[in-house]
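Biologist: Before we discuss this model, could you put it on screen, so that we can go through it piece by piece?

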Amino acid sequence: LNSRIKRLSDELLYSTRDYYKNAGLDIEPNWHLIFLLLEEHESLTITEISQELRMSHPACVKIIKKMKKRDYIDTTTDKSDSRKQLLKLKI
């Protein structure tokens with residue numbers, strides 16, 4: 001059962017990636033939930049995103065770096081705590 005679920009998951013991932021590529025979008029399938037969260041909230045920190053998605057902080061950082069590299073996210077320093085970076089969708 002586990003191997004079948006893994007194969008189905010991989011197939012869904014590959015078909016989603018192909019769909020985005022054919023649509024001319026330079027995004028990865030696992031970015032969808034982060035787009036939705038940032039659309040719902042004005043800004044969030046990486047910690048808030050990782051907690052909301054129940055994802056490890058390092059995994060979230062890796063995804064966010066790719067999204068920033070492709071210019072989908074802006075970051076600003078939190079005025080109350082300069083250690084925190086606030087993430088926003090680019091308009």
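Modeller: This is a predicted model, in which local features need pLDDT of at least 70 and side-chain atom pairs count only at pLDDT 80 or more, while totals for chains, interfaces and linings use all residues. Residues are numbered from 1 along each chain as its sequence is written, and side-chain values use heavy atoms, with hydrogens and water left out.

Biologist: Is Asp71 buried, partly exposed or exposed?

Modeller: The classes rest on relative accessible area, where buried means under 20%, exposed over 50% and partly exposed in between, with a 1.4 Å probe and protein chains only. Asp71 is found in the loop between α4 and β1, where helices (H or I, at least four residues) and strands (E, at least two) are DSSP runs, numbered from the N terminus. Because its relative accessible area is 46%, Asp71 counts as partly exposed.

Biologist: Which residues of α4 are buried, and why are they on the same side of the helix?

Modeller: An α-helix has 3.6 residues a turn, so residues three or four places apart point the same way. In α4 the buried residues are Cys60, Ile63, Ile64 and Met67. They cover an arc of only 100 degrees around the axis, taken from the directions from the helix axis to the C-beta atoms, and therefore lie on the same side of α4. On the other side, the exposed residues are Pro58, Lys62, Lys65 and Lys69, so the names asked for are Cys60, Ile63, Ile64 and Met67.

Biologist: Which residue caps the N-terminal end of α4?

Modeller: The cap is a side-chain oxygen that lies 3.2 Å from the backbone nitrogen of Ala59. That oxygen belongs to Ser56.

Biologist: Is the aromatic pair of Trp31 and Phe35 stacked, tilted or edge-to-face?

Modeller: The structure holds four aromatic pairs. The ring centres of Trp31 and Phe35 are 6.4 Å apart and their planes are at 70 degrees. Rings of Phe, Tyr and Trp (its six-membered ring) pair if their centres lie within 6.5 Å, and planes under 30 degrees apart count as stacked, over 60 as edge-to-face and the rest as tilted, so this pair is edge-to-face.

Biologist: Which residue forms an edge-to-face pair with Phe35 at 5.6 Å centre to centre?

Modeller: In this pair the angle between the planes is 80 degrees. It links distant parts of the chain, with Phe35 in helix α2 and its partner, 37 residues apart from it, in the loop between α4 and β1. The partner is partly exposed, with a relative accessible area of 24%, and its name is Tyr72.

Notes: Polar contact = N/O pair within 3.5 Å; in protein donor to acceptor, adjacent residues only side chain to side chain.
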